[in-house]
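Hello,

I am handing over a structure for you to look at. My notes on it follow below.

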Amino acid sequence: MAKPQAAKSRSARVLQLLELVARMDRPASVQEITELSGLPKATAYRICATLESDGYLRKEFGGRGLVAGPRLLSLARNLIGGSGLATARHAVLSVAARRIGETCNLSMPQDGEMVYLDRVEAEWPLRLQLPVGTRVPLHCTAAGKLYLSSLSPSPRAALLRSLTLEARTPNSVTDPEALNAALDEIRKTGVGVDNEEFLEGMVAVAVPVTDGGGRFFAALAVHAPVMRMNLEEAMTHVPVLQEAAAELSNLAAGVKLAETEAS
């Protein structure tokens, strides 16, 4: 039977590798993970293989590097959606929605889509119902394009090649070069936009929620029908969204700090 200290050591190595991959903004080869972790080559390869088999890591689209897998992403969503944090997070969204007067939502990337983690509905008779758990495309939504813009060139190109750039509306950008140009502009401004690209008659803008290292991990967005708000008007609410996004980043950082102190 393994000694408790040995079991703890193995667990720490697994967490070390997961944290290392999560911190990187591009796929990491097992060789690179081995060098950065300082673990013996055989140990690093064995842990990576197990994590990939269990779904915590996966190979990037069209490449051999490893990125966060579905189970690790699900774990991240569950941590962010924990009961205490969920209440505080929802309160932040509620304040933003009330200040803007339109629906605000929080989404995270998973498996080539954005998944709604939380939302606060506008108090209007006419509103779009997209409940928590809804999945929306990357290429034609404000949140999805914001996420794509946050990726470095190689991962972005690989992900775009894997996507079906379906025209959801006449305004959807389906040409890869045109989409890349739009993503470059979003990367400069830090604001994702959807000008009736996902649904006709609806516009949206999104800002990033970042971790302690300034890396993207979620998108905070507001959307509204064009009869109440055009894209230019939606952009005037970006400062409110950015304030809320900073609060959400601080909440997540506080939870991570508490977990670190408790370990």
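How many salt bridges does a search of the whole structure find? The search gives nine, a salt bridge being a side-chain nitrogen of Lys or Arg within 4 Å of a carboxyl oxygen of Asp or Glu.

This is a predicted model, where local features need pLDDT of at least 70, side-chain atom pairs count only at pLDDT 80 or more, and totals for chains, interfaces and linings use all residues. Residues are numbered from 1 along each chain as its sequence is written, and side-chain values use heavy atoms, with hydrogens and water left out.

One of the salt bridges joins D118 and R89 (3.0 Å, N to O). D118 is in strand β4 (residues 113-120) and R89 in helix α5 (residues 83-100), 29 residues apart; helices (H or I, at least four residues) and strands (E, at least two) are DSSP runs, numbered from the N terminus. D118 is buried at 5% relative accessibility, and R89 is buried at 7% (buried means under 20% relative accessible area, exposed over 50%, partly exposed in between, with a 1.4 Å probe and protein chains only).

Another salt bridge is between E243 and R99, with the closest N and O atoms 3.0 Å apart. E243 lies in helix α10 (residues 238-262) and R99 in helix α5, so the pair ties together parts 144 residues apart in sequence. E243 is partly exposed at 42%, and R99 is partly exposed at 48%.

E197 also forms a salt bridge, with K145, at 2.8 Å between the closest N and O atoms. E197 sits in the loop between β6 (192-195) and β7, and K145 in helix α6, 52 residues apart. Both E197 and K145 are buried.

Regards
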